Amino acid sequence: MMGGRHVLMRNGVPLHGPAIRCRVAPSLQQKDTMLTERVDFPGPHGKLSAKLDLPDGPPRAYGVFAHCFTCSKDVLAANRICHGLAERGVAMLRFDFAGLGASAGDFADTNFSSNVDDLLAAADFLRARFEAPRLLVGHSMGGTAVLAAAARIPESKAVVTIASPSDPHYVVDKLLSEHLDTLAQLGEARVKLAGRDFQMRQQFVDDAAQHGLAERIAGLGRALMVMHAPGDDTVDIANGQRIFELAQYPKSFVSLDGMDHLVTGREDAAQVAAMIAAWSARHIDAA
């Protein structure tokens with residue numbers, strides 16, 4: 001312990017948790033290797049499972065990555081983008097939202113509010129164990145949650161959304177529309193999302209309706225980069241445009257030409273990581 005925080009060590013000196021030495025794809029590499037540490041921390045619904053991607057040297061800053069709706073911390077975009085940022089000096093914590101991946105909780109009990117609470121728990125973990133996050137990155141619905149949570153993470157300086165809805169109710173309108181009658185009548189329904197079956201409850205719909213983000217985006221008070229693909233057929237680019245229009249400067253809009261919603265191309269993820277690192281440097285390094 002040093003100054004109340006755990007110090008990460010290498011070269012034969014034990015880390016405070018199990019670690020995985022990873023070789024990163026050449027397109028992501030700045031150095032030959034990077035370090036990924038498995039960690040967990042308490043959340044509102046129990047243990048949240050996470051991985052901390054670390055640079056090969058002292059981090060310039062710490063950040064949190066929030067994954068897409070019904071995804072996990074190990075989805076390709078989360079894995080590759082966080083690796084790319086770590087290779088550029090930013091330690092990134094990516095975690096499974098409650099009820100997903102290896103985290104505790106029942107997905108049917110979760111909603112947008114619980115996702116925001118999980119994000120705040122991730123920031124609390126970094127603040128207590130290492131250093132509070134200055135960079136917040138969210139993919140799809142994870143980006144929407146980041147927009148809602150940023151003001152409650154006072155140390156955050158830069159926010160990035162990737163293919164994100166401008167409002168959480170977009171998920172209800174886009175993915176749950178054919179189930180709304182069943183949800184209203186029975187209180188729950190079995191819904192197929194991204195090829196998997198999930199139990200959804202009316203409380204998810206009710207919670208989404210309570211979160212109008214326009215004022216929060218307008219009063220974000222942090223540098224913002226909105227990244228969205230013109231051809232995104234899951235969350236149309238009008239969402240990214242609305243986020244950008246609502247936000248105050250400093251802000252940037254990046255068109256992810258030719259990329260899909262999940263940023264599945266390896267070179268695509270490397271490009272996204274490089275752009276985030278270059279753009280965020282002046283904001284997180286000056287903190």
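This is a predicted model: local features need pLDDT of at least 70, side-chain atom pairs count only at pLDDT 80 or more; totals for chains, interfaces and linings use all residues.
Residues are numbered from 1 along each chain as its sequence is written, and side-chain values use heavy atoms, leaving out hydrogens and water.

Next I looked up ring pairs, where ring centres of Phe, Tyr or Trp (its six-membered ring) lie within 6.5 Å; planes under 30 degrees apart count as stacked, over 60 as edge-to-face and the rest as tilted. I found nine aromatic pairs by this rule. Phe 41 and Phe 95 form an edge-to-face pair, 6.0 Å centre to centre with 65° between the planes. Phe 41 is in strand β2 (residues 33-43) and Phe 95 in strand β5 (residues 90-95), so their pair ties together parts 54 residues apart in sequence. Strands here are DSSP runs of E with at least two residues, and helices are runs of H or I with at least four, numbered from the N terminus.

Then I turned to Tyr 62 and Phe 130: their centres are 5.6 Å apart and their planes at 20°, so this pair is stacked. Tyr 62 is buried at a relative accessible area of 8%, and Phe 130 is buried at 4%. I also saw that ring pairs link Phe 41, Tyr 62, Phe 95, Phe 97, Phe 125 and Phe 130 into a cluster.

Last, I checked helix α2 (residues 112-129), where Phe 125 is among the buried residues.

Note on methods
Buried means under 20% relative accessible area, exposed over 50%, partly exposed in between (1.4 Å probe, protein chains only).
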